[in-house]
Amino acid sequence: MSSTSLALPRVTVPVAVPPRNALAAPAEPAWVRRLLIGVALVFLVLFLFVPLATVFAEAFKKGIDVYLAAISESDALASVKLTLIAAGVAVPLNLVFGIAAAWAIAKFDFRGKQVLLTLIDLPFSVSPVIAGLIYVLIFGLQGWFGEWLRDHDLKVIFAVPGIVLATVFVTFPFVARELIPLMQAQGNEAEEAARVLGASGWQIFWRVTLPNVKWALLYGVILCNARAMGEFGAVSVVSGHIRGQTNTMPLHIEILYNEYQFAAAFAVASLLAALALVTLVLKYLVEQRVHAQMRAPLIEPQSSPGATP
Amino acid sequence: MLLSRTLLRRHNVLPGFDLALGFALLYLSLIVLIPLSAAFLRTFALTWPQFWDTVTSPRVVASYRLTFGASFAAALVNAIFGLIVAWVLVRYPFPGKRVVDALVDLPFALPTAVAGIALTAIYAKNGWIGQWLPFKVSFTPLGVFVALVFIGLPFVVRTLQPVLEDVNRELEEVAATLGATRWQTFLRVIFPIVTPALLTGFALAFARALGEYGSVIFIAGNLPMVSEITPLLIITKLEQYDYAGATAIAVVMLVIAFVLLLAINLLQAWSRRRTGGH
């Protein structure tokens with residue numbers, strides 16, 4: 001299947017790697033190994049570890065009081081709230097879409113499937129700025145529905161609905177693209193067995209399919225949520241940057257930074273960096289489960305349908 | 001019922017096809033397809049000469065040069081170091097390897113604005129790294145390159161890892177038995193196997209870098225003609241209420257993104273054939 005994407009952290013269909021040879025494979029001399037490990041680690045420290053450490057160092061540079069004041073100030077709290085709202089709407093919507101798309105694509109063979117798969121990945125290849133722009137073209141004052149919205153006193157752009165829409169767009173493929181390869185790999189046998197035994201569609205979904213894909217689903221939700229809370233470019237275009245009203249956390253960071261309130265900017269940034277670390281830990285833990293689920297036999301001969309581990 | 005009758009290739013006892021596909025198509029159209037087509041339709045408000053003048057004006061061309069140049073250089077650096085990182089993670093045991101492996105995904109998890117201000121602080125004149133460098137990084141085109149290296153880093157590593165894990169070690173033994181040095185084995189046996197994946201990772205990093213905004217604008221300095229990236233130019237035009245101009249540039253970027261998407265699809269198909277599927 002096509003799995004082109006610009007947001008890669010994905011469960012690569014794990015072929016359980018067998019220990020290929022007990023005999024010692026030809027290896028590089030020790031000094032080459034040490035050199036390569038050294039180069040890799042220096043590169044990763046410079047480009048990954050130092051930026052991460054900087055966020056926390058700068059956040060606490062002026063002391064814990066400044067830090068606490070920055071994250072408990074009312075505009076900061078409003079930005080946290082808006083970020084939670086945006087993610088709280090975008091993640092469930094894309095979750096429902098992901099399940100529906102995965103059910104159709106993985107369980108059925110239909111014309112145009114390949115095209116649909118490519119279209120689902122489309123939002124990953126669109127610049128976030130353009131993702132914001134397209135909604136301005138539709139809902140902005142000069143847009144298709146601009147006048148109609150104004151006449152009915154509704155606001156999408158420079159308001160919360162626009163921010164939510166932009167967030168939905170940039171996180172669109174996450175859940176679908178985790179579920180589809182797993183459900184394709186698992187095949188239809190378990191569901192068909194349940195059907196023959198008289199289960200209804202919803203029963204099949206809740207009792208057979210969902211338990212089989214729950215970890216991949218969670219994995220998709222974790223990635224989707226991380227992106228939803230951290231999105232900057234798309235949200236920036238549609239936000240209007242009204243303090244305390246249409247600023248998400250990343251936008252609030254930008255404002256503080258541009259006002260030279262560096263300690264405060266990094267304090268709010270440290271919350272998002274902490275979220276990123278939590279995301280990485282959860283991702284790591286769930287990844288193990290997804291791999292286990294991919295390898296697990298789907299129907300064990302003796303067990304009843306749906307009773308897969 | 002219409003969908004299942006016209007589209008399904010073979011009978012399937014499972015229910016829910018119409019509901020699932022119907023909802024998926026509706027949602028896809030509303031969120032992605034119709035809004036994206038708005039960008040293309042909007043450019044028809046311009047005549048061809050107007051469109052051409054907008055997308056080839058000197059300031060816009062300068063931004064293409066920076067965006068493409070920095071993205072290409074960053075993807076190249078990521079290809080080289082990504083290969084080393086992936087190789088080390090797959091082949092060599094060392095303490096803390098799991099943590100390092102998990103940390104590779106940091107650029108995906110860390111919001112771009114956070115990465116942007118952190119990199120700017122590090123590479124500023126008095127920053128942790130900037131103070132040791134004899135040249136300026138923050139607020140120059142070099143800063144754009146640094147930010148793009150950061151955000152593109154995981155693509156090459158994560159594309160290469162599974163392929164490297166699958167390389168048949170017996171081939172290497174055969175090469176060694178036949179008298180090849182380790183370096184020859186790498187160049188003639190391993191490298192050809194991973195080339196498609198390496199190119200895919202490069203293309204993914206490059207495509208991501210072209211559209212990147214959040215991490216770049218903080219460190220770039222955003223001087224017109226010098227350190228202004230194309231996505232920023234779109235925003236600048238929008239803020240001047242030049243919707244047609246913003247959309248024209250966006251359409252150019254979209255077309256390039258779609259061409260890259262196609263290229264990446266072809267590369268991945270090639271990669272799958274080369275490594276024998278999955």
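Which residues form a nonpolar patch on the surface, with about 970 Å² of accessible area together?

What you see is a predicted model, in which local features need pLDDT of at least 70, side-chain atom pairs count only at pLDDT 80 or more, and totals for chains, interfaces and linings use all residues. Residues are numbered from 1 along each chain as its sequence is written, chains are lettered from A and ligands numbered from 1 in the order in which they are written, and side-chain values use heavy atoms, with hydrogens and water left out.

Now, back to the patch. Its members are Trp144(A), Phe145(A), Trp148(A), Leu154(A), Leu26(B), Leu30(B), Ile34(B), Leu41(B) and Phe44(B). A patch here is made of residues with over 30% relative accessible area and no salt bridge, with like charges joined within 9 Å and nonpolar side chains (Val, Leu, Ile, Met, Phe, Trp, Tyr) within 5 Å. Accessible areas come from the Shrake-Rupley method with a 1.4 Å probe, and for residues only the protein chains shown count as cover. Helix H2 of chain B, residues 17-43, gives the largest share of the patch, four residues. Helices (H or I, at least four residues) and strands (E, at least two) are DSSP runs, numbered from the N terminus. From chain A, look at Trp144(A), in the loop between helix H5 (128-139) and helix H6 (146-151). Trp144(A) counts as partly exposed because its relative accessibility is 42%; buried means under 20% relative accessible area, exposed over 50%, and partly exposed in between (1.4 Å probe, protein chains only).

Let's go inside. The largest nonpolar core has 202 residues, and those with the most contacts inside it are Phe110(A), Ile120(A), Phe169(A), Ile31(B) and Leu110(B). Its largest share, 15 residues, comes from helix H4 of chain B, residues 58-91. By a nonpolar core I mean a set of buried Ala, Val, Leu, Ile, Met, Phe, Trp, Tyr and Cys residues joined through side-chain atoms within 4.5 Å. What is Phe110(A) in contact with, leaving aside its neighbours within four places in sequence? In chain A, the partners are Ala104(A), Ile105(A) and Leu116(A); from chain B come Leu7(B), Leu8(B), Arg9(B), Phe17(B) and Leu21(B). Contact, by the way, means heavy atoms within 4.5 Å.

That brings us to how the chains meet. The contact takes 108 residues from chain B and 102 residues from chain A. Together the two chains bury about 9,500 Å², 77% of it on carbon and sulfur atoms. On the chain B side, Leu14(B), Tyr27(B) and Tyr92(B) supply 7% of the area buried against chain A, more than any other three residues. Buried area is the accessible area (1.4 Å probe) that two parts lose on being put together, summed over both.

Next, chain A by itself. Chain A has 13 helices and zero strands. Of its 309 residues, 54% count as buried. With a relative accessible area of 1%, His252(A) is buried. Among the residues that His252(A) touches are Glu73(A), Asp75(A), Arg243(A) and Val268(A).

Finally, the charges. Side chains of opposite charge can pair when their charged atoms come close. A salt bridge is a side-chain nitrogen of Lys or Arg within 4 Å of a carboxyl oxygen of Asp or Glu. How many salt bridges does a search of the whole structure find over all chains? The search finds 14. One of them joins the side chains of Arg177(A) and Asp121(A) (3.1 Å, N to O). Arg177(A) lies in helix H8 (residues 174-186) and Asp121(A) in helix H4 (residues 113-125), so this pair ties together parts of chain A that are 56 residues apart in sequence. Both Arg177(A) and Asp121(A) are buried.

Between chain B and chain A, the count is two salt bridges. In a salt bridge of 2.5 Å, N to O, Asp105(B) meets Lys283(A). Asp105(B) also forms a salt bridge with Arg158(B), the closest N and O atoms being 3.0 Å apart. And Arg158(B) has another partner, Asp101(B), at 2.8 Å between the closest N and O atoms. Put together, Lys283(A), Glu287(A), Asp101(B), Asp105(B) and Arg158(B) are linked in a network of salt bridges.
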